[in-house]
Amino acid sequence: MLMEARNQLKVILLSVKYNIMREMTNRTTFVTNIFFMILNNSTFIVQWLILFRLKNNVGGYAFDEVMTLWGFGASTFGIAHIFFRKAFELPDLIINGKLDAFLVQPKSVLLGVITSATSTSAIGDVIYGYIILVVFNFSIRNLCFFTLFTITGGIILTAFAVITGSLSFWLVRADILSNNLMNVMVSVSTYPDGIFKGIVRLLLYTVIPTGFAVYLPVRLMVRFRLDLLLGVLGFTAAICSLAGLIFYKGLKRYASSSLMSARI
């Protein structure tokens, strides 16, 4: 099992390496995309500075904690789109019968699909997250936690995309539902969970797993609790298993479009 996990990790890293090498054929565009993504994310700091001039805290979060939340939100989104970009395009691949090229490859179909492309601008999201950490909340301990939870958050976001995207195996126009759910998850991850009450807050820790991807990691960085750490790690493993189960169950219903394509 350990050997299998190591081989899968090797496949992921090689896929990302070749994706990035392909993107770097135009280096000016590559660097520009990263720079402007960092700049775009930075503009939201002004918004929060203005808000915190009016209030001492928002949803129980101080300014530094909100910035850490933003850093987490950006870096988890970045990691997911660097390593697993195609997970977010799964409905299009299923609906238009574009999975054929992956079915004949000698490796995990799901892994082959979701690691087949990389978003260049997402590198800017990850860099932005670490800049935020260094400026507002840096320590060696926080750097280790930030790195760990950026990875778990990216995996949770990807698994959620696979689950919602796989609905297209069963439902007509499930791509709309999938896109809306993903937009909700990404949008709410940039706001303190204290502003959400009742059933909405419950949904963010169950149906839409923003709580485990972003909110609990921020709390752990402020105040470490072993039970919360085990909860985040356990949830990450559980949602990955669920995503794989749903995808392969749905794959049995997949109908080819006879689309002529090849992957090298």
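**Reading helices and aromatic pairs in a predicted model**

Ring pairs join Trp48, Phe52, Phe63, Phe136 and Tyr191 into a cluster. The model discussed here is predicted.

User: How is a pair of aromatic rings described?

Analyst: The description of such a pair rests on the distance of the centres and the angle of the planes. In this structure, a search of the whole model finds 17 aromatic pairs. In one of them, the ring centres of Phe145 and Phe224 are 5.6 Å apart and the planes meet at 20 degrees, so this pair is stacked.

User: Which parts of the chain does the pair of Phe145 and Phe224 tie together?

Analyst: Phe145 belongs to helix H8, while Phe224 sits in the loop between H11 and helix H12 (226-251), so the pair ties together parts that are 79 residues apart in sequence. Phe145 is buried, at a relative accessible area of 15%, whereas Phe224 is partly exposed, at 39%.

User: How are the rings of Phe169 and Trp170 arranged, stacked or edge-to-face?

Analyst: The centres of these two rings lie 6.2 Å apart and their planes are at 85 degrees; planes over 60 degrees apart count as edge-to-face, so Phe169 and Trp170 form an edge-to-face pair. Phe169 is buried, with a relative accessible area of 7%, and Trp170 is partly exposed, with 36%.

User: Which residues of H7 are buried, and what covers them?

Analyst: The buried residues of H7 are Ala122, Ile123, Gly124, Asp125, Val126, Tyr128, Gly129, Ile132 and Leu133. Their cover includes helix H2 (27-54), helix H3 (63-83), helix H8 (140-166) and helix H11 (210-222).

User: Is Phe160 buried or exposed, and which residues is it in contact with beyond its neighbours within four places in sequence?

Analyst: Buried means under 20% relative accessible area, so Phe160, at 5% relative accessibility, counts as buried. Phe160 is located in helix H8. Apart from its neighbours within four places in sequence, Phe160 is in contact with Leu181, Met182, Met185, Val207, Ile208, Pro209 and Ile239.

User: What distance separates the C-alpha atoms of Phe160 and Thr147?

Analyst: These C-alpha atoms are 20 Å apart, and Phe160 and Thr147 are 13 residues apart along the chain.

How values were computed
Residues numbered from 1 in each chain as written. Predicted model: local features only at pLDDT ≥ 70, side-chain atom pairs only at ≥ 80, totals over all residues. Heavy atoms only, no water. Buried < 20%, exposed > 50% of the residue type's maximum accessible area, 1.4 Å probe, protein only. Helix = DSSP H or I, 4+ residues; strand = E, 2+ residues; numbered from the N terminus. Contact = heavy atoms within 4.5 Å. Phe/Tyr/Trp six-rings, centres within 6.5 Å; stacked < 30°, edge-to-face > 60°.
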